Every structure is written in structure tokens, then in C-alpha cells.
Amino acid sequence: MKKGKLLGVLLCGCLAFGSLTARGAEAEKGPKAALIDLEDGEYAIEVELTGGTGKTTVTSPAGLTVLDGHAYARVEWSSSHYDYMLVGGEKYLPISEEGYSTFEIPITVFNEPMEVIADTTAMSTPHEITYQLTFDLEGVMSRNETPQAAAKKVVYMVLIIVALCVFVSYVNKKRRMS
């Protein structure tokens, strides 16, 4: 009985090890995200798009996620008609079903064009279009430094000023009436 249990444990261990090895090999087959010297977290990075028809753009700065020292970009297209992207032969699907097509992809290289393929459904039949994305390593910023974050701060300041004006006007009106 003890030999049977030992054999079962060994067999399960071998199967588990084989499973882990297969997953590890699977993870290695996709494009390798470039290393970046930043703490793990959320940032923003300037990105430039070239190639294609010239009719579309990507949002810049793009979201940048650093995970275990590797860089991943959140690329948002100016169209909702992209249904997948190919990076290094690996297929990536949109991370959201609403709004513009947005993908989380590995950044494989900084400061030089990185070829990607995006499939658009905006034409009569789907078309894969080749683009180049250039991620500017000098253009990395914290999420609080992005133009979008600055715009939010301006809106909040305007709301505070309007609220103060309304309050002062109310106080002055009360004084005049008494």
C-alpha cells in the first residue's frame, strides 16, 4: 500500500512538473517585453505611430505598465474597428469591448520602430495593416504628469473657483438684504 501511494505521489509530481514546464515554454514563445529600469507600477510613455494608411492614430502618451521590470503598453487606437493586433507573431485581443480599440501589448524595443500588425474591420472585408510604434524611453512620465491628468486638475480648479464665486455672491446678497 505504501509503494502504491508513493508511486501515485511521484506520478502526480511528474505530471505537475511536466505541466509547469509546458506552461513555461508557452510563455516563452510570445514576444519578450523589454526590460525597463523602473519600479513595478503604472506610468505613461510617449508613442509615435507610422505606417498604414495614415488615417488612424494612437493616443499619446500611452499607458505603460511595468511588471517584474518588463514594459507593457496600453495602445488606444482612434478607431473602434480593430479586432486584434499581432506583435512578434503573437495575437492580442482588445482589453475592452467599448470605446476605441485598446490593447495591452509588450514593448519589445525602445527608441526605435517596433513593427505591429493591426486587423481592421472598417473596410468591406477585414484587413491586416502593418504599422510601426516607437516608444520614447525619454518620454516616460508618472501618470500624474500626463496632459490628461493636467486637464483634470484644471477642471477641478475651475469648479472650485466657480463654487467660491457662488458662495461669495450668496454671502454678499445676504448682507445687502439684511
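So, where is the place of Ile95? Ile95 sits in the loop between strand 5 (90-92) and strand 6 (102-106). I'll come back to that loop in a minute.

First, the ground rules. We're looking at a predicted model, where local features need pLDDT of at least 70, side-chain atom pairs count only at pLDDT 80 or more, and totals for chains, interfaces and linings use all residues. Numbering starts from 1 along each chain as its sequence is written, and side-chain values use heavy atoms, with hydrogens and water left out.

Okay, the overall picture. The protein has two helices and eight strands; those are DSSP runs, H or I with at least four residues for helices, E with at least two for strands, numbered from the N terminus. Reading along the sequence, you get α-β-β-β-β-β-β-β-β-α.

Eight strands make an open sheet in the order 5-4-7-8-1-2-3-6, with antiparallel pairing. At the edges are strand 5 and strand 6, each pairing on one side only. From one strand to the next, the twist averages 35 degrees; for that, axes are lines fitted to C-alpha atoms, for helices over the stretch in contact, and angles run from 0 to 180 degrees between N-to-C directions. Two strands pair, by the way, if DSSP finds at least two bridges between them. Take strand 1 and strand 8 (residues 127-142): they pair in the antiparallel sense over nine bridges. Glu48 stands opposite Thr134 in strand 8.

Some totals. Contact here means heavy atoms within 4.5 Å. Among contacts with a separation of 6 or more, 56% are between residues 24 or more positions apart. Buried residues make up 29% of the 178 residues, where buried means under 20% relative accessible area, exposed over 50%, and partly exposed in between, with a 1.4 Å probe and protein chains only. The protein exposes about 12,200 Å², and carbon and sulfur atoms supply 60% of that. Those areas are Shrake-Rupley with a 1.4 Å probe, and for residues only the protein chains shown count as cover.

Back to Ile95. Setting aside residues up to four places away in sequence, Ile95 touches Arg74, Thr102, Phe103 and Glu104. Ile95 and Val75 are 20 residues apart in sequence and 10.0 Å apart in space, C-alpha to C-alpha.

Next, the loop between strand 1 (41-51) and strand 2 (62-67), where Pro61 lies. A cis peptide bond joins Ser60 and Pro61, with omega about 5 degrees. Thr56 is in the loop between strand 1 and strand 2 too. Is Thr56 buried or exposed? Thr56 counts as buried because its relative accessible area is 12%. Its side chain makes a polar contact with the side chain of Ser78, at 2.9 Å. (A polar contact is a pair of N or O atoms within 3.5 Å; within protein, one must be able to donate a hydrogen and the other to accept it, and residues adjacent in sequence count only if both atoms are side-chain atoms.) Leaving out neighbours within four places in sequence, Thr56 is in contact with Leu49, Trp77, Ser78, Tyr82 and Tyr131.

Most residues other than glycine have a negative phi, and most peptide bonds are trans. Asp68, not a glycine, has a positive phi of about 55 degrees. Asp68 lies in the loop between strand 2 and strand 3 (70-76), and at 61% relative accessibility it counts as exposed. Asn111 has a positive phi as well, near 60 degrees. You'll find Asn111 in the loop between strand 6 and strand 7 (114-120), partly exposed at 45% relative accessible area.
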